[in-house]
Amino acid sequence: MYEYADYFDKEKRKEPYGSYAEELDDYLRLLDMMLEGYLRFKGLSKEQKLFSRGLVITESEMEAYFEMPPYFREADIWDPVMAMSCAEGFDYISDRVKATITEKTSEEYKEKLPIEYLKNKLSLDRTGILSLILVIAPELDRKYERIFGFLQDDIKAKRPTIGLVYALLRRMTPREVSGRFIPEIEEPEIYSQVFLRGITDFSLDTVLTVDPIIRKMIVGQYKKESIKRFPFWEYTEKEDIPLFFEEAGEATEGILFSGNQPFCYLENEDWETVAHIIYKLCEKRKERLYILDINLFSGLSADKRRECISALYLRMILDDGNLLVNFEPENIPEGQTKNDFRLDEALSELTGLCRGKCIILAGQGKEPGSLAAYGIPSLYIAPPDVELRIGIWEHFIASDDVAISEDVEIADLADCYDIPYSMIRKVCSHVTESAKLLKDAKIDRELIRESLRQINQVNFSHLATYVRTVYTWEDLTIDPKEMGVLRTACDRYRMRNRIGDKWGLKKKNAYGNGVSILLYGPPGTGKTMAAQVIARELSLPLYRVDVSQIFSKYIGETEKNLRAVFEAASKANVILFFDEADALFSKRTEISQSNDKYSNSETAYLLQKIEEYDGLTILATNYYNNFDSAFVRRITYSAHMDRPGEDARYELWTSILPPETEIRKDIDFHFLARQFELSGSNIKAILYSAAYMAGAEEKPVGPEHIVRAIQYEFQKTGRLIDRGEFGMYGVYLI
């Protein structure tokens, strides 16, 4: 039989390893020496082997076993010579490892000495290393498959089992040490998770296996292994992103790395905010962060969950990983019921991953609920205030490739857009990439507003629709005083957080920090246009609420629809526009029948939701007198949109059509403005109708087109046509 001196070159005992291959070769030599000794013990070359249905056994082996008293049968298995040779082999490898690891190579020994790295990270003793080499051997040379089949008395048993480890260990270990199925190691949990993939009900026939990442490491091909088949992933950010939430980071750091708590729940409306904080804390310690989706995990079968835990466990150990669990128990996986969601089982399975660290459970604004019953502490992380949002905007919108337009004020964006960290990141990335496709390559307010709308899609169902904003202050022709009211309202909304926080106004505001505007006046006076102007000024998406869809004859349905509208809006940072709002905000009546009581409650409920809404609400009505006076007092601003005077009408007649439109110079717009008391919407309809008639005739817009358009407009509204009212233009009447 060959022994230690035959397998190892003593001249190299103090020589450092040059590569992973040299370390691996020495461990395979050690394995060959152990296997040879066991093969000799099994009676190799003593006589002809007998093969029967895959069973491999020798007569001499059976005779030798029963020739001695029962007590000595087990004791005789230990071979002191083999034990000494194995110990020498382990010491030989250890000496070469020590010669390899110096101050210069300590940082890169993961690649040069992968088995030593695994030994340290997994806290493996010689039993663990033996298991590791046994598992990897058939991956390197198929001769081991035949040897394992022979030693395990089954030609089909090509992979090592616990029984084989136990048998080899008994050859090199005295009985009092090896008298256990699984030899005790420093961390038994590792042996179960790494080599048995979470199996706890094992036997001597249980096959050992390891994660593919270990195989890759041992053969020097370590790369980040794909984990797409598991419901967890590695979270990363760019290196230049700072920790924006410093206070929350300090509070969380003490929990995450203290080892005092196995779990902690972090509550925040934006889940990525929590991921950002934990990632930056891990990055500071040069550790990795893994994310586990608890819903997907809980939906797996028991075997799949064990496999997932083992894979995650291994990565957390090898990569100094930390775990953040996307924890929202309200969202039950498809195909399950609430009764299927076993929180206690999920937490029990995750507990083994702690290893002296805290597993962070995070939810998007969900209350911990049943977590409190398990004694799990919770920490609320407040959303970013306006000053913090300014810093986030400034960091992510900055780009060397794209310029920022002069109309973009970062402070205004941060104040108007009360959006979380993740949304700011997405919007900045989207506008930067979109601007690169444009000729000017500039980020302007319109691009930001449209990007926000596209990224933050709002599901209003049939209750509200998006309105494109095309008008500016120049298009709005109203009384200068009312114009001042609208500009003041915009300024208040634009700076409501900065001024409110700085001067303490928000603390004294019992009705929230939102702004509401009431636009009232006759039809066609520009109320809808004013709403669009405000939305464009603030660069916020505008959604018109369909009042007809809000109302319901069924008790409670109106309130339900209103709640759905405001809940959707609160998540999207949009302007809600209630046109013909008098239908919803009519005066409360004396209760003479049951319907009156419910109608009054609907009005009160809507008032409550508007006051609670932290955004901007615009109400428009043609009938101001129908509004409940108590409600009007709670509106932040109101603006009267009256019919335009003669001067305003002249400005409308001469400014509505674009400069590209060909217009004859002989049209007397002063006469039209003086003679016809029309609203802005009437004048716009007339001019556009005239332009299309002139275009069809391939002529410039002339008085004949305008007169015919006025005639059509009068007929549409039921107004009588007086030929004398048209003066010299009466000849064009049809």
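## Salt bridges between separate parts of the chain

In this predicted model, in which local features need pLDDT of at least 70, side-chain atom pairs count only at pLDDT 80 or more, and totals for chains, interfaces and linings use all residues, the side chains of D407 and R445 meet in a salt bridge with an N to O distance of 4.0 Å. A salt bridge here is a side-chain nitrogen of Lys or Arg within 4 Å of a carboxyl oxygen of Asp or Glu. The pair links distant parts of the chain, 38 residues apart, with D407 in the loop between β9 (403-404) and α20 (410-416) and R445 in helix α22 (residues 445-455). Helices (H or I, at least four residues) and strands (E, at least two) are DSSP runs, numbered from the N terminus. Residues are numbered from 1 along each chain as its sequence is written, and side-chain values use heavy atoms, with hydrogens and water left out.

D407 counts as partly exposed because its relative accessibility is 32%, where buried means under 20% relative accessible area, exposed over 50%, and partly exposed in between (1.4 Å probe, protein chains only). A second salt bridge joins the side chains of R664 and E704 (3.4 Å, N to O). R664 lies in the loop between α30 (646-655) and α31 (669-675) and E704 in helix α33 (residues 703-717), so this pair ties together parts that are 40 residues apart in sequence. E704 is buried, with a relative accessible area of 16%, whereas R664, at 30%, is partly exposed.

## A network of charges

By the salt-bridge rule, the count comes to 43 salt bridges. D412, D415, D491, R494, R498 and E537 are linked in a network of such bridges.

## A covered strand

Strand β4 (residues 263-268) is mostly covered, since 6 of its 6 residues are buried. In a regular strand the side chains alternate between the two faces of the sheet. On one side of β4 the buried residues are F263, Y265 and E267, and on the other they are C264, L266 and N268.

Two strands pair if DSSP finds at least two bridges between them. β4 pairs with strand β7 (residues 359-364) in the parallel sense over 6 bridges, and N268 stands opposite Q364 in β7. β4 also runs parallel to β8, to which 3 bridges join it, and there Y265 stands opposite S378.
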